[in-house]
Amino acid sequence: MISANDLSPAELAALLHFHADAGVEWLLEEEAIDRFAEFEAMKAARRPAAAQAQQQRPAAGERPAPGQAQVRPNAAVRPAPAERAASGPQPAIPDGEAVQQARFAAETARSLVELKTAIEAFSGCNLKHSARSTIFASGDAESGIMVIGSAPSAEDDREGMPFSGKSGQLFDKMLAAIGLTRSAILLTQVIPWRPPGNRAPSAAEMDICRPFIERQIALAEPKAILLLGNFSARFFFGENDTIHGLRGRWKEIAVADCVIPAIASLHPQDLLTAPVNKRLAWNDLLAFQAKLKSLSLLRN
């Protein structure tokens, strides 16, 4: 094994980037784990099963009684089907059925609080099983202003809130530049669970999550929406262009009985990667600010 002390700064940075791209997020557990104690507990749990197998094993030359199963030496003791179902992973719900379940759970929620509870209890999306946190809307639902990001990042998943880490710090500065704060808007994301390795959600995962984000919009009834990121813009506008082709133009989003004006812009993470695009994002923020003022949602 190569020690980190033997690597140059450039090699160490490349290694860390490789692990991040592969989806590795934590090099250490939050609490120390005694692997020796775990091993001893596993051995202790196996002793009763081994003793029972020894008792059931016929003596040399003795044939098992009629109806008695023969236990082979060193044969693994398999749990009953019910035990395997309880201890192993639950079978995946078919995508079509999962979409129906998501739609029912979303439509029956009469408030954002009820919707949050429904999403946290929902288990029909595979993304939930690999994520640490469920990211839900936060801020002022009565503001009439809604900002929707794409999907949780590794920092969001760890912190349990949207737009965390460096991209969140930049996002706060972007809001402050047009006279807003997190607490003055409703902030959420299209997908409530972080995809492993920050990969793009699949078509099936998007279909499953769509009822939840659309219900958030229907319950909040915003007067204007700012979409951040390529995925978020494509999701709502139904187009395959890049964010550079989708940004800066007002369009309408139809959700339930509401038709809401929305504008797309670059995600803060995009701006950290390519700071030269900040001027484009600033133009989009000014357009969003002007719309809010025209709707009397922001003071002059």
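Select Glu-205 to begin: this residue is found in helix H9, where helices (H or I, at least four residues) and strands (E, at least two) are DSSP runs numbered from the N terminus. Glu-205 is buried, with a relative accessible area of 8%; buried means under 20% relative accessible area, exposed over 50%, and partly exposed in between, with a 1.4 Å probe and protein chains only. The model is a predicted one, in which local features need pLDDT of at least 70 and side-chain atom pairs count only at pLDDT 80 or more, whereas totals for chains, interfaces and linings use all residues. Residues are numbered from 1 along each chain as its sequence is written, and side-chain values use heavy atoms, with hydrogens and water left out.

If neighbours within four places in sequence are left aside, Glu-205 is in contact with Cys-125, Leu-127 and Arg-199, contact meaning heavy atoms within 4.5 Å.

H5 and H9 pack at an angle of about 170°, with their axes 10 Å apart; axes are lines fitted to C-alpha atoms, for helices over the stretch in contact, and angles run from 0 to 180 degrees between N-to-C directions. The two helices, H5 and H9, are therefore roughly antiparallel to each other, on a scale where angles under 35 degrees count as roughly parallel, over 145 as roughly antiparallel, 65 to 115 as roughly perpendicular and the rest as oblique. Leu-112, Leu-115 and Ile-119 of H5 make this contact with Phe-212, Arg-215, Gln-216 and Leu-219 of H9.

Which residues of H4 are buried? They are Ala-98, Val-99, Ala-102, Ala-105 and Ala-106. These residues cover an arc of only 130° around the axis, which puts them on the same side of H4, the arc being that of the directions from the helix axis to the C-beta atoms. Gln-100 and Phe-104, on the other side of H4, are exposed. What covers the buried residues of H4 includes helix H5 (112-121) and helix H9 (203-220).

The axes of H9 and H10 come within 12 Å and cross at roughly 85°. That makes H9 roughly perpendicular to H10. Here the contact is made by Met-206, Arg-210, Ile-213 and Ile-217 of H9 and by Phe-231, Phe-235 and Phe-236 of H10. H10 is mostly covered, with six of its eight residues buried, and its buried residues pack against strand S2 (145-149), H9, S4, helix H11 (243-246), strand S5 (251-255) and strand S6 (258-265). Just after H10, Gly-238 takes a positive phi of about 65°.

From there, move to Leu-226, which lies in strand S4 (residues 224-228) and, at 3% relative accessibility, counts as buried. Not counting residues up to four places away in sequence, Leu-226 touches Met-146, Val-147, Ile-148, Ile-263, Ser-265, Leu-285 and Phe-288.

For a last stop, select Ser-133, in the loop between helix H6 (126-130) and strand S1 (138-139). Is Ser-133 buried or exposed? At 15% relative accessibility, Ser-133 counts as buried. A polar atom of the Ser-133 side chain lies 2.6 Å from the backbone oxygen of Asp-157. Leaving aside neighbours within four places in sequence, Ser-133 is in contact with Asp-157, Gly-160, Pro-192 and Trp-193.

Terms used
Polar contact = N/O pair within 3.5 Å; in protein donor to acceptor, adjacent residues only side chain to side chain.
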